[in-house]
Amino acid sequence: MSDQMPDSAPQFLTVGEGEAAREIAMLVRPAQAGNGAPALVWLSGYRSDMSGTKAVELDGLAAELGLACIRLDYSGHGLSGGNFGEGTISRWLEEALAVIRHVAPDRVILVGSSMGGWIALRLAQELARQGGVTLPKLAGMVLIAPAPDFTSELIEPKLKAKERKSLAERGYFEERSQYSPEPNIYTRALIEDGRKNRVLDGIIETGCPVHILQGMKDADVPHAHAMKLVEHLPADDVVLTFVRDGDHRLSRPGDIALLLSAVKGIIRSSTNRQMPA
C-alpha cells in the first residue's frame, strides 16, 4: 500500500434518525494486509476537525507503519453535516461510537486532543459497557491536553453574570477565540449534557495504557487539570509528560515528535500484551 492519503474524498455515515439524523464525514485508512496492530482513532477538540496538523501527522504515522487510521468530523464540524449549536458531548460521542462500529477494527488506540480527550475517556467507558462482537477492544490511549468535564470544571465556575444571563435568555453565550475570528459558542445544552457525561467523579477504568501530553503554558486547560485526571486513573499504566513551554495546541514540530513517540510506545505495549506469556 502506498503512503498516499487513503482517499481524498471522505466517506459519510448517517448517524441518528429522523430530525436528529446527520451525515458524519470520516477518512479511513485501511491497514496493510496482514498488519494486526490496533487501528488509530483520531478524536478532535472543540471546533477542530480531522484535517488539523496533529490529525494529519497521525495519519502519516499510520501510513508509515501500515496501520489503519480512522478520523472523523463531529456534527457541525469540518465536512460533517448537522448544526454546531445542537452539539453536545453525548451527540459527538454517539457519532464517534457509530463510526468505530461501522469501520469495525478488532482493536483501537484512541488519540484525543482537548475535548477529544474527554470523548476518548467516555468511549473507553462505552466500549467496556457495550462490549461484544460489534465493538473493538481498547488497546491504549494518547491524550493531548485532555479536557474531561471542561464544561463543569473549567467553564461553569468562571461564568460571569452577563454570561449566565445570556445562557438563561438566549440558550448560549459567546467568548472570544484566540484561534479563530469567530467566537466560541457555548450552549446551555452543551453545559447541561456535560454534567451527565462527567468522568472526574469516580475511578476511570480504561483497562489499557494511557499517555497524557500536557503543555505547562496551556491557557485553556491548566496543567493541574491533567494531574487531576491522573488521580482518577489509579488502576491503569499512566504516563504524564509535561511540555514546559507547551501551549494548548501542542502542534510545533517538537510537540508532534512527542505525540508520535507516545503513540509508537502504546503500539509497542499493545503488541507485547498480545504475545503469549
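**Aromatic pairs.** I looked up the ring pairs in this predicted model first. The structure holds 8 aromatic pairs. Rings of Phe, Tyr and Trp (its six-membered ring) pair if their centres lie within 6.5 Å; planes under 30 degrees apart are stacked, over 60 edge-to-face, and the rest tilted. I then picked Y46 and W92. Their ring centres lie 6.0 Å apart with the planes at 65 degrees, so I noted this pair as edge-to-face. The pair links distant parts of the chain, 46 residues apart. Y46 sits in the loop between β3 (39-43) and α1 (53-65), and W92 sits in helix α2. I took helices (H or I, at least four residues) and strands (E, at least two) as DSSP runs, numbered from the N terminus.

Are these two residues buried or exposed? Y46 has 16% relative accessibility and counts as buried. W92 has 0% and is buried as well. Buried means under 20% relative accessible area, exposed over 50%, and partly exposed in between (1.4 Å probe, protein chains only). Ring pairs also link Y46, Y74, F84, W92, W118, F150, F173 and Y186 into a cluster.

**Notes on the numbers.** I number residues from 1 along each chain as its sequence is written, and side-chain values use heavy atoms, with hydrogens and water left out. Local features need pLDDT of at least 70 and side-chain atom pairs 80 or more, while totals for chains, interfaces and linings use all residues.

**Strand β6.** Next I checked β6 (residues 137-144). Of its 8 residues, 7 are buried. Which strands pair with β6? Strand β5 (residues 107-113) pairs with β6 in the parallel sense over 7 bridges. Strand β9 (residues 210-215) also runs parallel to β6, joined by 4 bridges. Pairing takes at least two DSSP bridges between two strands. R107 stands opposite K137 in β6, and M141 stands opposite V210 in β9.

**Helix α6.** I turned to α6 (residues 188-196). Its buried residues are L190, I191, D193 and G194. Their cover includes α2 (89-103), α3 (115-130), α4 (150-155) and β8 (184-187).

**Whole chain.** I counted 8 helices and 10 strands. Buried residues make up 51% of the 277 residues. The C-alpha atoms fill a box of roughly 60 × 45 × 35 Å along the principal axes. Last, I looked at contacts (heavy atoms within 4.5 Å). Of those with a separation of 6 or more, 74% come from residues 24 or more positions apart.
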